[in-house]
Amino acid sequence: MLPWLSSPTPFFPSTEQALASPNGLLAAGGELTPAWLVEAYRKGIFPWYSDDDPILWWSPDPRMVLLPAQFKLRRSLAKRLRHGGFSVTLDQHFLAVLDACAAPRRGEPGTWITAEMRHAYHTLHTLGIAHSIEVHQAGNLVGGLYGLAMGPVFFGESMFSRVPDGSKIALAHLAYAMQSHGGQLIDCQMHTPHLASLGATTVARRTFINYLEQWLPEKTFCLPSTPDQTPVVPASPWLNALPNAIEAR
């Protein structure tokens with residue numbers, strides 16, 4: 001039976017208890033407060049559900065990750081970066097990126113970024129934990145991504161493109177900023193051919209958890225002991241290298 005989370009403070013079962021089918025489903029219930037979300041991500045867990053479901057928590061096996069040094073800058077993308085007239089910003093249009101990621105996509109009936117999720121990640125943004133990378137062309141927002149930054153780890157949540165390679169440009173800036181300034185890992189959650197083409201690979205869940213235990217030790221967090229307290233996460237100095245990561249190379 002799937003565990004139901006109802007404690008007043010965040011508590012998750014071991015990720016080893018996650019189901020094999022559907023892959024990675026771990027628990028239901030809990031809350032989408034900053035404390036619950038920070039506790040989840042640092043343990044390799046993330047929420048994913050639709051409007052008609054309770055909050056569902058996942059930790060798939062295998063896990064897709066991108067080590068920044070393994071990002072593949074294809075020749076066509078390098079050319080687009082040099083000559084496409086793009087500019088990149090950090091945290092200037094977080095809600096616009098979130099809404100673009102939530103917009104219905106071709107062949108998909110809806111979105112997993114519910115109103116509740118939108119509010120939760122915007123709250124994390126106001127706390128300096130969630131961040132957006134925005135790609136502009138001719139004054140228009142044409143691509144981007146968002147996720148959570150904790151120390152040397154970036155937990156990617158979603159990306160979007162309105163022009164060819166719009167999201168790839170955002171990811172390239174993220175990867176090079178992390179590579180040059182101490183970032184270690186980009187969590188991509190689930191395998192996609194798009195991410196694989198950019199150098200992401202799948203690793204066993206245990207390997208992923210080991211990465212988190214190495215790079216996000218518990219002592220670097222200040223976690224709430226009561227529901228009304230705000231979590232404090234380890235700083236991510238590599239954020240300061242954005243948005244000029246490519247130009248600095």
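1. Which residue in S8 is the bridge partner of His-136? For His-136, the partner in S8 is Leu-141. One thing to keep in mind from here on: this is a predicted model.

2. That pair belongs to a longer run of pairing. S7 and strand S8 (residues 140–150) run antiparallel and are joined by eight bridges. Further along, Ala-130 stands opposite Leu-148 in S8. The two strands make a hairpin with two residues between them, and in the turn Ala-138 has a positive phi of about 55°.

3. Strand S6 (residues 86–90) pairs with S7 in the antiparallel sense, over five bridges. Here Leu-90 has Ile-133 of S7 as its bridge partner. Have a look at how covered S7 (residues 130–137) is: seven of its eight residues are buried.

4. Now zoom out to the sheet. It is an open one made of seven strands, in the order S6-S7-S8-S9-S10-S5-S11, with mixed pairing. S6 and strand S11 (201–203) are at the edges with a single partner strand each, so one side of each has no neighbour in the sheet. On average, neighbouring strands are turned by 35° against each other, direction ignored.

5. What packs on the sheet, touching S5, S9, S10 and S11? Look for helix H7 (residues 205–215). The strands it touches are strand S5 (63–66), strand S9 (153–161), strand S10 (185–189) and S11. The direction of H7 makes about 145° with that of S10.

6. Val-65 is a handy residue for exploring this region. It is found in strand S5, and Val-65 is buried because its relative accessible area is 2%, where the cut-off is under 20%. Leaving out residues up to four places away in sequence, Val-65 touches Leu-185, Ile-186, Cys-188, Ala-200, Thr-201, Val-203 and Phe-208. Also try Val-65 and Leu-195: they are 130 residues apart in sequence, yet 9.0 Å apart in space, C-alpha to C-alpha.

7. Next, the interior. Nonpolar side chains tend to be buried together in soluble globular proteins. In this model the largest nonpolar core has 50 residues, and Trp-57, Tyr-121, Leu-148, Met-150 and Phe-155 have the most contacts inside it. At least two residues of this core come from each of several elements, including strand S2 (25–29), helix H1 (34–42), strand S4 (56–58), helix H4 (115–126), S8, S9 and H7. Helix H3 (94–102) is on that list as well, and H3 gives the largest share, six residues.

8. Not counting residues up to four places away in sequence, Met-150 touches Val-38, Tyr-41, Phe-155, Leu-216, Phe-221, Val-233, Pro-234 and Ser-236.

9. Last, a helix pair. Helix H2 (residues 75–83) packs with helix H5 (residues 166–180) at an angle of about 90°, and the axes are 11 Å apart. That angle is why H2 counts as roughly perpendicular to H5. On the H2 side the contact is made by Leu-77, Arg-80 and Leu-81; on the H5 side, by Lys-168, Ile-169, Ala-172 and His-173. How do the residues of this contact divide into nonpolar, polar and charged? There are four nonpolar, one polar and two charged.

Definitions and conventions: Residues are numbered from 1 along each chain as its sequence is written. This is a predicted model: local features need pLDDT of at least 70, side-chain atom pairs count only at pLDDT 80 or more; totals for chains, interfaces and linings use all residues. Side-chain values use heavy atoms; hydrogens and water are left out. Axes are lines fitted to C-alpha atoms, for helices over the stretch in contact, and angles run from 0 to 180 degrees between N-to-C directions. Helices (H or I, at least four residues) and strands (E, at least two) are DSSP runs, numbered from the N terminus. Angles under 35 degrees count as roughly parallel, over 145 as roughly antiparallel, 65 to 115 as roughly perpendicular and the rest as oblique. Contact means heavy atoms within 4.5 Å. Ala, Val, Leu, Ile, Met, Phe, Trp, Tyr, Cys and Pro count as nonpolar, Asp, Glu, Lys and Arg as charged, and the others, Gly among them, as polar. Buried means under 20% relative accessible area, exposed over 50%, partly exposed in between (1.4 Å probe, protein chains only). Two strands pair if DSSP finds at least two bridges between them. A nonpolar core is a set of buried Ala, Val, Leu, Ile, Met, Phe, Trp, Tyr and Cys residues joined through side-chain atoms within 4.5 Å.
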